[in-house]
Amino acid sequence: MSDLLNITRVPLPPLLTPSAPDSYDDHRSQGTPLIIDNGSTNLRFGFCTSDAPRVQPNAIAKYKERKTNKPLLLFGDGIDTESGAKAQARTPWEGDVLLNFDALENALDYAFIHLGIDAPSIEHPVLMTERLCSPLHSRGLTSELMFEQYSVPSLAYCVDGMMSFYHNNLSNPPAPFTSDGLVVSFNTASTSIVPILNGKGIMSHAKRIPWGAAQSTDYLLKLIQLKHPTFPTRVTSAQAAWMLQSFCEFVPDYPALLRTLAEPRALRAAECIVQFPFTLPVLEEKTEEELARIAERRKEQGRKLQEIAAKTRMDKLVQKERDLQYLVSLRERRDEESKKEWANTLSEEGFDSDVALEGVIKKLEADLKKARKKDADGEDMEEEPPSFPLVDVPDADLDEDGLKEKKKQRLMKAGYDARERTKREKEREREEREAGERREGDERERDLAGWATKLRKEQEAIMTKIKERSRRKAALTDRKSAAAQARMKSIANLAADDRVPKKRRKNGGEDMFGADDADWAIYRKINTAAASEDEEDDMLNLLAVEQKLLTYDPSFTIEHTHASLASQRSALISAFRPQYEEGDAEGRTRIHLSVERWRVCEAWFSPSMAGVDSAGIGEVVQSVLSRFSDGDKGRLVKNVLVTGSPSQLPGLIPRMQAALRPILPPETPLKIVRAAEPSLDAWKGMAAFAKTDEFTRVSVTKAEYEEWGGERVKRWWGGNWNSSVQM
């Protein structure tokens, strides 16, 4: 099944075995040059006579062991042995700049110890890498550390990309290095382009872009987090780096690839699924009797909830009727009292004016009318008409108790008359509905196709209205959208309180807002959370139309209903981010990599797509080549070398050819090759160069360091030119 779906499981961390230090006997007092490739990710170190360097992650962690409470200093792979130490890990590098020199000192201590050096000082010349255009501050402190702390006899700096080019273009038998070419060095935090003519790096024309493997890893991690926001497991940077190395690749034409992947089947075929560890939930198996008992209990609970809800609705309805009766009786007292007494009465009851009282009465009447309309659809129970004998009796013929009873009967008669009117309205509506159904039935029998077409148009119109309402709700979440701006304007107008000036209110002027029922629509407009009555009515009408079509139109099926269409997700979205059931622990711990596999790599050629304001590799190479004559330009592009660990990603050479071929004349030959060992060739080139006599000439001795300071170096073909001295 995993092979069928192209599923790859996240590898477990390897078991680490401690490595013993090398023997120092072969190099003691020999002055064998030391080669240190101080990379942002890995530290590679060894003597130039070694076939391969020792390699360790370039990070340290100061950690206090819990059992013995002793402080530990961990380096490289040792950090992974202590889970608490990972949070304390840091590297000598901050991005592409060497800044943490205490971490660099600890890294060098580790290197010298594992090389077996047991002397009080390092009695070996050192060849060390530094970044292209390295700041003088970093170089000065590194030189100070090497000369003052370790007492090295001499020190030379080189650019790693130049050394990789040197190793891949060495002649056999050895001869003076006079190769031409262009180096594209993919580093952890940057990518460098260095032109080389006659075996010398033209550092004045070299360029660097601020995009490397670290930025690509972070970009992939962000894309994964956006695609899977509810992923149950934390995806670490190390796992994102593994996914970058294992699944990401370059493509010659990224826009064309996106057009191809617009087809859901192609997108599913191109995706890689990464399965993270998961734990299956423990499910308790229940017998049929237990399941039946649980179902019965749920049914009983549902019945009780329905009874409670019905009782609550009835209590609210009774309370509203009482409130209405009281307010109606309060309104009748208006004619019996003076203006001053009536104003005091309104104030005691919490009303500002007669308009406010009328508004509350209207609202209660509307609520009661709506509640009565939502009564059961069955026939109303026949009830005997009540009698109100005191209503028609003159007040002069009644005593005080009789007047109170007459008042009570008058209120009861008003309520009874209102219910009778509601019944008559319901009866009239039922008759109209039955007449409409008969007319619709006749129309359906005469022209079924026309009737179905009309209902389909009605269904489409209602669905369009629902979609527009949903689109408006979505737009309100964006504060810059026109709908959100209109909502804020409405709120501001309501808060302005300029409907009636304060002076007019003191002189008896009244705020008439609310007297018209349409005034209250503004609150529905600015309240984005509450569902409107129109929305409920539209859904009811839509269900009725679809039910008729399902009953009488043979061509209308369940798949054509609004519920079915709304539940069907876009095929492309489903292919891009498949959804799993809530209880599927295995599926919910999967990461689907599709477009991200190529998008992350394309950022090297278009960093702006990842939010970095920089030119891509193709534009930078064009800028570098534009500074040379056509003849020199042809010599450079005949030998383009890509090096560095990220250069091992598949498809890089075709992508480079697609970027460089359009900027070159058609007759100009273009050759792009990958370094033999992109991650180690820089160290091997340094080791080969350290065996030559030229290494001694380009190194800065201790005496020259004391005279010049740590920032100054000798200018040579493989190193930086800033603050350099001509040899």
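Select A213, S216, T217, L220, L221 and I224 in helix α5, together with S237, A240, A241, M243 and L244 in helix α6: these two groups meet, contact being heavy atoms within 4.5 Å. By class, this contact has eight nonpolar, three polar and no charged residues. The model is predicted, with local features needing pLDDT of at least 70 and side-chain atom pairs pLDDT 80 or more, while totals for chains, interfaces and linings use all residues. Residues are numbered from 1 along each chain as its sequence is written, and side-chain values use heavy atoms, leaving out hydrogens and water.

Next, display α5 (residues 213-227) and α6 (residues 237-247) whole. Their axes come within 9 Å and cross at roughly 100 degrees. The two helices are therefore roughly perpendicular to each other, a term for angles of 65 to 115 degrees.

Now keep α6 and select A240, M243, L244 and F247, which are buried, that is, under 20% relative accessible area with a 1.4 Å probe and protein chains only. Viewed down the axis of α6, the buried residues fall within an arc of 105 degrees, so they line one face of the helix. Their packing partners are β1 (7-9), α5, β15 (272-275), β16 (590-593) and α21 (596-602). On the other side of α6, select A238 and Q245, which are exposed, meaning over 50%.

Finally, move to T32, in the loop between β1 and β2 (34-38). T32 counts as buried because its relative accessibility is 11%. Its side chain makes a polar contact with the side chain of H27 at 3.4 Å; such a contact is a pair of N or O atoms within 3.5 Å, one able to donate a hydrogen and the other to accept it. Leaving aside residues up to four places away in sequence, T32 touches H27, F47, C48, T49, H124 and P125.

Key. Axes fitted to C-alpha atoms, helices over the stretch in contact; angles between N-to-C directions. Helix = DSSP H or I, 4+ residues; strand = E, 2+ residues; numbered from the N terminus. Parallel < 35°, antiparallel > 145°, perpendicular 65-115°, else oblique. Nonpolar A, V, L, I, M, F, W, Y, C, P; charged D, E, K, R; others polar. Arc of directions from axis to C-beta.
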